[in-house]
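Here is a friendly briefing to read alongside the model. Please keep the viewer open as you go through the points.

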Amino acid sequence: MSVRTIGVVMNGVTGRMGYRQHLVRSVLAINEQGGVTLSDGGRVKLKPVLVGRNADKLADIAAKHGLSEFTTDLDSALADDDNLIYFDAQVTSARVKAVLKAIEAGKHIYAEKPTAESTHEAVALAEAAAAKGVKNGVVQDKLFLPGLLKLKRLIDGGFFGRILSVRGEFGYWVFEGDWQEAQRPSWNYRAEDGGGIVLDMFPHWHYVMENLFGRVQSVYARAVTHLPSRVDEQGRTYQATADDAAYGIFELEGGIIAQINSSWTVRVNRDELVEFQVDGTHGSAVAGLRNCRVQHRSATPKPVWNPDLPATARFRDGWQEVPDNAEFDNGFKVQWEAFVRHVVEDAPFPNDFASGARGVQLAELGLRSNAEGRRIEVPGL
């Protein structure tokens, strides 16, 4: 069958996620496997065109991976008719301007989340893409994690009965940058640069809740800056103006209550960096990045509260591992393949800019809830 090559302008590949997950583990990995397989058996390979502000860093990446095209001039990359897709993994504060340029150039757009810093801007991007008639998508990688795919399988199979509640724990300790190097870039902790864990993580939690459990109807959130100062990449101490932890309660359709904690100032005492416990009338499950454990109502123990005696049961032993039953590929790569099929053969791709805007809306309303100290209803977009 035929093999076709299309150009993909990749803006922001000098950053951690843009480089590791999107360039190396997605686009280059797709080419190594022979391209994206289409419904007719044909294949599509991707020609990455690297764009960024630092020519030396771009040249190093290009040389390391045998790539020939890189530039600091976004306009020239967008002017090439062979480049059908524009991908944006820049800092959030730079995204809207660049994406609007790509829409005007008629490119199909795939972007990291959040798509913008405000609901107004996120909706404007969705409307601009629709008006221009370009296909658009937003990265929603956690839907493709093995643990959440297993959880979705349980939901679809009716395992839980009526779902009552969801409890999520996400986070780890991000070092301050003084005696140990920080694992995240310093802009994450500056609100003026688009940083903050609410803006970063609430869009994630929105698409997880919306796709697995139902529409989010209200939010009550407390956002905190636990560490007021950090040390940047140049060794300079700076004020952390963005929230580094957030504690949210979300009411979902169907009466489901979700509680999700997000923190870059927590030490991990879990099996995985993110875990969701789902409790239903017929059973419960705990899903992480890769694993998922269940306890059916028929196997639920009957604990009795007695603080005067030591616990004799190991509660974790009463849970059963959900088998893989499938091969799980890298979630970022799987979604890249789906977007390429969407562009080339109009295959379905529900994770569009409209869904991305709803995620930004939840983050914005979460910050408003924090500022006003009250529960906020989530209107439809």
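Let's start with a helix pair: helix H6 (residues 146-156) packs with helix H7 (residues 197-212) at an angle of about 25°, their axes being 11 Å apart. That angle makes H6 roughly parallel to H7, a label used for angles under 35 degrees, while over 145 counts as roughly antiparallel, 65 to 115 as roughly perpendicular and the rest as oblique. This is a predicted model, in which local features need pLDDT of at least 70 and side-chain atom pairs count only at pLDDT 80 or more, whereas totals for chains, interfaces and linings use all residues. Residues are numbered from 1 along each chain as its sequence is written, and side-chain values use heavy atoms, with hydrogens and water left out.

**Helix packing**

- Helices (H or I, at least four residues) and strands (E, at least two) are DSSP runs, numbered from the N terminus.
- Axes are lines fitted to C-alpha atoms, for helices over the stretch in contact, and angles run from 0 to 180 degrees between N-to-C directions.
- On the H6 side, Leu148, Leu151, Lys152 and Ile155 meet Val208, Asn211 and Leu212 of H7, where contact means heavy atoms within 4.5 Å.
- A second pair is formed by helix H4 (residues 95-104) and helix H5 (residues 119-132), which pack at about 10° with axes 10 Å apart.
- That makes H4 roughly parallel to H5 as well.
- Here Val96, Val99, Leu100, Ile103 and Glu104 in H4 meet Glu121, Leu125, Ala128, Ala129 and Lys132 in H5.

**Annotated domains**

- An unreviewed UniProt entry carries the annotation "domain: Gfo/Idh/MocA-like oxidoreductase N-terminal" for residues 50-135; UniProt positions are given in the numbering used here, feature names are shortened, and annotations may be inferred rather than shown by experiment.
- Residues 50-135 are 48% helix and 16% strand, with end C-alpha atoms 21 Å apart.
- The UniProt annotation "domain: GFO/IDH/MocA-like oxidoreductase" (unreviewed entry) covers residues 149-285.
- For residues 149-285, the make-up is 18% helix and 36% strand, and the end C-alpha atoms lie 13 Å apart.

**Aromatic rings**

- How many aromatic pairs does the structure hold? There are 13, a pair being rings of Phe, Tyr and Trp (its six-membered ring) with centres within 6.5 Å; planes under 30 degrees apart count as stacked, over 60 as edge-to-face and the rest as tilted.
- One of them joins tyrosine 110 and phenylalanine 349, whose ring centres are 6.2 Å apart and whose planes are at 85°, so the pair is edge-to-face.
- This pair links distant parts of the chain, 239 residues apart: tyrosine 110 is in strand S6 (residues 108-111), and phenylalanine 349 is in the loop between helix H8 (331-345) and helix H9 (353-372).
- Tyrosine 110 is buried at 0% relative accessibility, and phenylalanine 349 is buried at 8%; buried means under 20% relative accessible area, exposed over 50%, and partly exposed in between (1.4 Å probe, protein chains only).
- Phenylalanine 170 and tyrosine 172 also pair edge-to-face, because their centres are 6.2 Å apart and their planes are at 80°.
- Both phenylalanine 170 and tyrosine 172 are buried.
- A cluster linked by ring pairs contains Phe87, Tyr110, Trp336, Phe339 and Phe349.

**Charges over rings**

- Arginine 267 has its charged end over the ring of tryptophan 173, 3.9 Å from the ring centre; a charge sits over a ring if NZ of Lys or CZ of Arg is within 6 Å of the ring centre and within 35 degrees of the ring normal.
- Arginine 190 has its charged end over the ring of tyrosine 238, 5.1 Å from the centre.

**Loop residues**

- Is aspartate 244 buried or exposed? At 0% relative accessibility, aspartate 244 counts as buried, and its place is in the loop between strand S11 (237-239) and strand S12 (245-252).
- Leaving out residues up to four places away in sequence, aspartate 244 touches residues including Tyr189, His226, Arg230 and Trp264.
- Proline 323 lies in the loop between strand S17 (320-321) and H8 and is partly exposed at 46%.
- Asparagine 325, in the loop between S17 and H8, has a positive phi near 60° without being a glycine and is exposed at 63%.
- Lysine 113 and proline 114 are joined by a cis peptide bond, with omega about -10°.
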